[in-house]
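This briefing is for a reader meeting the structure for the first time. It starts with the chain as a whole and then takes up its parts by topic.

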Amino acid sequence: ALRERAVAAPARPVSAVVLFDLETVLDVEDEGLATLGSSVAQMLGSELEGAGIPTRYFWALMLGFTGEGAYRRFQKEMAPGATAATHALLGRVAVRAGEVAISAQVYDLETGVLVSTELVTGIWPDGLFELVERLGSAVASDLAPGARRP
């Protein structure tokens, strides 16, 4: 279904991407995986940074703010300026029966237009790092200047 969504090439240059914790869906209860979504978001952010796309991080465990404090922090990050974020990345990590799927959707913050949607799947847990690299590369390619959509 993700691959069938209408996706437009970025209408404006990407100055920075806001990353949130990825939603985590597990088929087992494991307290050790409680931070999987934020860990994968952090790795994905590193991949995007390595590809030259600045990121702003909003992980629940690192932010240290909730409620109005979190909103104020977000509002501060969105303030106009040369490095203000223009796009937001949301996604999901799903682990089921020894497999993992990671999805990412990137939206233009001004228009709400979907400019990238990617999904990678592989073996859990051995394939996780390679999957994050592939996902980061695919998203970075989608956000590159001059990216075209069929």
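**The chain as a whole**

The protein chain exposes about 8,500 Å², and carbon and sulfur atoms supply 53% of that area. The model is a predicted one. Its secondary structure comes to four helices and six strands, and from the N terminus on the elements run β-β-α-β-α-α-β-β-β-α.

- The protein chain has 150 residues, and buried residues make up 38% of them.
- Among contacts in the protein chain with a separation of 6 or more, 62% are between residues 24 or more positions apart.

**Strand pairing**

- Strand β1, residues 17–20, pairs with β4 in the parallel sense over three bridges. Leu19 has Leu89 in β4 as its bridge partner.
- Strand β2, residues 23–26, also pairs with β4 in the parallel sense, here over four bridges. Opposite Val25 stands Ala94 of β4.
- The pairing of β4 with β5 is antiparallel and runs over 10 bridges. Within β5, Ala104 is the residue that stands opposite Gly91.
- In a regular strand, side chains alternate between the two faces of the sheet.

**Backbone details in the loops**

- Ala97 lies in the loop between β4 (87–96) and β5 (99–108). These two strands form a hairpin with two residues between them.
- Ala97 has a positive phi of about 50°, although it is not a glycine. Ala97 counts as exposed because its relative accessibility is 66%, and the cut-off for exposed is over 50%.
- Gly52, which follows α1, has a positive phi as well, near 90°.
- The peptide bond that joins Trp124 and Pro125 is cis, with omega about -10°. Pro125 belongs to the loop between β6 (114–123) and α4 (128–143).

**Helix α4**

- Helix α4 has 16 residues, which at 1.5 Å a residue should span 22 Å; the end C-alpha atoms are 22 Å apart, so the two values agree.
- The buried residues of α4 are Leu128, Leu131, Val132, Leu135, Gly136, Val139, Ala140, Asp142 and Leu143. Because they cover an arc of only 160° around the axis, they lie on the same side of α4.
- An α-helix has 3.6 residues a turn, so residues three or four places apart point the same way.
- The elements that the buried residues of α4 pack against are β1, α1 (36–50), β4, β5 and β6.

**Helix α1**

- Leu36, Gly37, Ser38, Val40, Ala41, Leu44, Gly45 and Leu48 are buried in α1.

**The nonpolar cores**

- The largest nonpolar core has 26 residues, and those that touch the most other members are Val40, Leu89, Ile102, Val139 and Leu143.
- At least two residues of this core come from each of β1, α1, β4, β5, β6 and α4. The most come from α4, which gives seven residues.
- Another core, of five residues, lies apart from this one and includes Ala16, Val18, Phe58 and Ala88.
- Leaving aside residues up to four places away in sequence, Val139 touches Leu48, Leu89, Ala104, Val106, Ser116 and Glu118.

- Val17 is found in strand β1. Val17 is buried because its relative accessible area is 0%, and the cut-off for buried is under 20%.
- Not counting residues up to four places away in sequence, Val17 touches Ile53, Pro54, Thr55, Arg56, His87, Ala88, Leu89 and Leu143.
- Val17 and Leu143 are 126 residues apart along the chain, and their C-alpha atoms are separated by 9.9 Å.

How values were computed:
Residues are numbered from 1 along each chain as its sequence is written. This is a predicted model: local features need pLDDT of at least 70, side-chain atom pairs count only at pLDDT 80 or more; totals for chains, interfaces and linings use all residues. Side-chain values use heavy atoms; hydrogens and water are left out. Buried means under 20% relative accessible area, exposed over 50%, partly exposed in between (1.4 Å probe, protein chains only). Contact means heavy atoms within 4.5 Å. Accessible areas come from the Shrake-Rupley method with a 1.4 Å probe; for residues, only the protein chains shown count as cover. Two strands pair if DSSP finds at least two bridges between them. The expected span of a helix is 1.5 Å times one less than its number of residues. The arc is that of the directions from the helix axis to the C-beta atoms. A nonpolar core is a set of buried Ala, Val, Leu, Ile, Met, Phe, Trp, Tyr and Cys residues joined through side-chain atoms within 4.5 Å.
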